[in-house]
Amino acid sequence: MSDEYRAMMHRSEVAVSVELQTQDMTLNIGPQHPSTHGVLRLVAQVDGERITSVEPVIGYMHRGYEKLAEVRSYAQMTALVNRIDWVSGFASEVPFIVAVEKLMGIEAPERAQWIRLILTELFRISSHMVFTSSYPLELGATTPLFHVLRERERVLELIEGMTGGRFHPNFNRVGGIKPAAGGGKTQKKVSMDIPEGWLDATRATMERVMLSTHQSDTLVTGNELFKARTVGVGVIPGDKAVEYGLSGPNLRASGVAYDLRKHEYHLPYDQVDFDVISAPGGDCYDRYWVRLQEIRESVKIVLQAIDKIPDGPLRAKAPRVLKVPKGQIYVRGENPKGEFGYYLISEGGQKPYRLKIRSTSFSNLSILPWVLKGALVPDLVAVMGSLDFVLGDVDR
Amino acid sequence: MEDFIVAAVKTVIAFALLFTVVLLLVWIERRIVAFMQNRLGPTRAGPLGILQTLADGMKLLFKESMTPDRVEVWLYLAAPIMALVPAVLIFLVVPIGAPITIGGTEYTLQVTDLNVGVLYVLAMSSMAVYAIALAGWSSGSKYPLLGSVRSAAQMISYEAAMGLALVPVIMFNGTTSLAGIVEAQGATYFGFLPAWNIVLLPSFVVFVIAMFAETNRAPFDLVEAEQEIVGGFHTEYSGFRFALFFLAEYINLFNMSALTVVFFLGGWQGPVFGPTVLQWILPVIYFFAKTFAIVFLFIWVRGTLPRMRYDQLMGFGWKRLIPVSLAWIILAMIAVGIRRFGLPWA
Amino acid sequence: MPAPLNKRSRFAFPGLWKGMWFTLKYLFTPVPTVMYPQEQEIPVPRARGVIALDPEACTVCMLCARECPDWCIYIEGHKEPKAPSKPGGRARTQNELDRFEIDYSLCMYCGICVEVCPFDALYWSPEYEYSTYEVADLIHGKTRLKDWLETVPEPPALEPQGESS
């Protein structure tokens, strides 16, 4: 083969490759897109249907909670923090209250702690049910949404029967749970203890929730099309998950069996028996599966807790006007979505000096550019949904 | 002149029938899917919400039809019409009942019987892809573009599978006229089993699957996958132009169900008895009953299954359906040969 | 605990059939829908529907307005001389409530005002049918808030093992 011929070959190959090179298209996904769970914006470079890079643009729902905390009293902040992650309001309320309690040197009475535990688990069930219902929807199956949300409604009814709120319970108070309100004489607002029949209703509802998980198994988990869409899609290996600071079910689905409920005992989780669910695959299917199993574990916890709940007062002695002594503390808890923490600095007085919120979804979202590199546009939806973030939690 | 009047009357009847059926179809789908999802669906407009589609249509009619800045205006305006026209045209060759004889003249219950009916049907259903591709491209927007590219690839590849699935039917019945195919299925096996083409089971399965892709229905509704590419090709359409796409989609759904019945389930064939009028009506009832059974299958699948991914869909089409239909064609060829010429060694 | 993956079943699609059977079963299952305007669900007694006011109990102390996180309570009052409690005693004054308005377009239903009221003038009512066509109409005054007082239910009975101390 002569050099000339080789050069010609070379040139022709170059010509071909240049001809086939196409320009990447910038695809703006969001902020208003059906599957971005609110107002997330992804700037994706796509080559046909294949994504070459993704950059999440966040902040469309920034409500300034950290700054707001500096001008609101602790009681007012309690009402605000459960709006950060609105799907699991109570679970983000507890660490904040515990942080204040720890700084003030108050400990909630046992009964209050058990009620906190039950409500946290109910919110975990509710949050995971939102996921198991809406995730198939993102893959195009509409039916599971209605069947799962129907049962979730029963859980929300329980929460409402106890706290009065469905999404934003605002039920924690420093030193316990919501007390006999006000100092008046009438009997109309005496106590917010467990209403009559609530425990039985909980037992019944938990059965329905278990039934609902079986329905999810029938409709979704075993479905071959669902598996085809999720198995092996968006694989996050365990070490990458740790590197990016993933937590909660997303981390456990990557094979890292780390659950804060087993490590941080500001609620009596050590007295109930439950398993930490984890799966080795790290793909979308495992993330779905872990959450579905966690609903079952939470049901187990709730059923144990309503048998173990002790008698006693609901609230420790706490001053009416909260003045938190000088100091700083970091308290974290296992939110349904992962680790949710508050770094609270108090300079004394009625307001926090600084409140840093370690919100779960923000960290979970950060892996998106890495995991979506080279994925297809439909996979983007599958992966994004499987990370289960709430935009209010991302932007705070 | 009389022929012309007959054709005109038939066309008008077919048109009215088609649109009535489609209005009903949308309502039926919404109600059935709703019940599958344990809810009620539309109940307020008219008795049991039966007028809901009409209400929606009126709403779309009176809505402003926006034309975005960056569209190719002529193609953008033409695309909805291009979607609707072939959809309506397909129905013209579908026989919906047995021929009826009034005053010595025989009238067929189809607008026209083409001797190349099968080819005509395939050609018309291929036209739909132009509408969708052009709608997406002319919108001058990215999501519609993605949708139209998807639709072009998807519909072309499933068109092939669909055509191949029909080859054994044509060989078996020895005709490409739809009326002829239905006639040919009138016979019985052993005196009681209807000789419907459903005995060509692989063809039937391939045809039904390809039909799902051809009509852009779940689980192959990638073209308008809401969760991925918003509205797909009709993202930029609003008002009545959107309504035309919507209408075309449901007409296609009905057409494809009707064609399945014609090709595989014996068309209007069924036990006929009683006075003459009943003998005219019964086949029509059979035809619609069978068609709505297939429509129910469509709805049922939509109510259950998640969407496939684009590459999986293409892989499924080219790697599974087309080889299967090719192999089946060869088998059917041998079978037909044996039936006609006897065993090769005999 | 690994997620179960049955790769074997790729051709028979048992999962698809199971799902199809499920939806078919629900096609013939009664629907739990409550047709809203004709029939209504009764909210739980603790439901935070709307805040009711007992104007007689209010002493215009402004605690609720001050504690409200988004300042949606507007209160105005004046001092009214009151006859001395016993003849010859000192003439006293009493705070009279002129205006008590809650802007429900701002209210976030946290219940802090109900909780801080030291005179039991505010209550939660589960009433929820007060939507309006105009946002401005969501500001409800004294009289409307008093009307809601009648809808305040008795608090639910508690589980017997409850707070005994």
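Q: Which residue in strand 3 of chain A stands opposite A:Val46?

A: It is A:Ile51 that stands opposite A:Val46. This is a predicted model, where local features need pLDDT of at least 70, side-chain atom pairs count only at pLDDT 80 or more, and totals for chains, interfaces and linings use all residues. Residues are numbered from 1 along each chain as its sequence is written, while chains are lettered from A and ligands numbered from 1 in the order in which they are written.

Q: How many bridges join strand 2 and strand 3 of chain A?

A: In general, strands of a sheet pair through backbone hydrogen bonds, either parallel or antiparallel. Two strands count as paired if DSSP finds at least two bridges between them; strands are DSSP runs (E, at least two residues) and helices are runs too (H or I, at least four), numbered from the N terminus. Here strand 2 (residues 41–47) pairs with strand 3 of chain A in the antiparallel sense over 7 bridges.

Q: What order do the strands of the open sheet in chain A have?

A: The 3 strands run in the order 1-2-3, with antiparallel pairing. Strand 1 (25–29) and strand 3 (50–57) of chain A each have a single partner strand, so one side of each is left without a neighbour in the sheet.

Q: Which strands does strand 3 of chain C pair with?

A: Strand 2 (residues 73–82) of chain C pairs with strand 3 (residues 92–103) in the antiparallel sense over 10 bridges, and C:Tyr74 stands opposite C:Glu101. Strand 5 (residues 139–140) of chain C is also an antiparallel partner of strand 3, over 2 bridges; there C:His140 is the bridge partner of C:Ile102.
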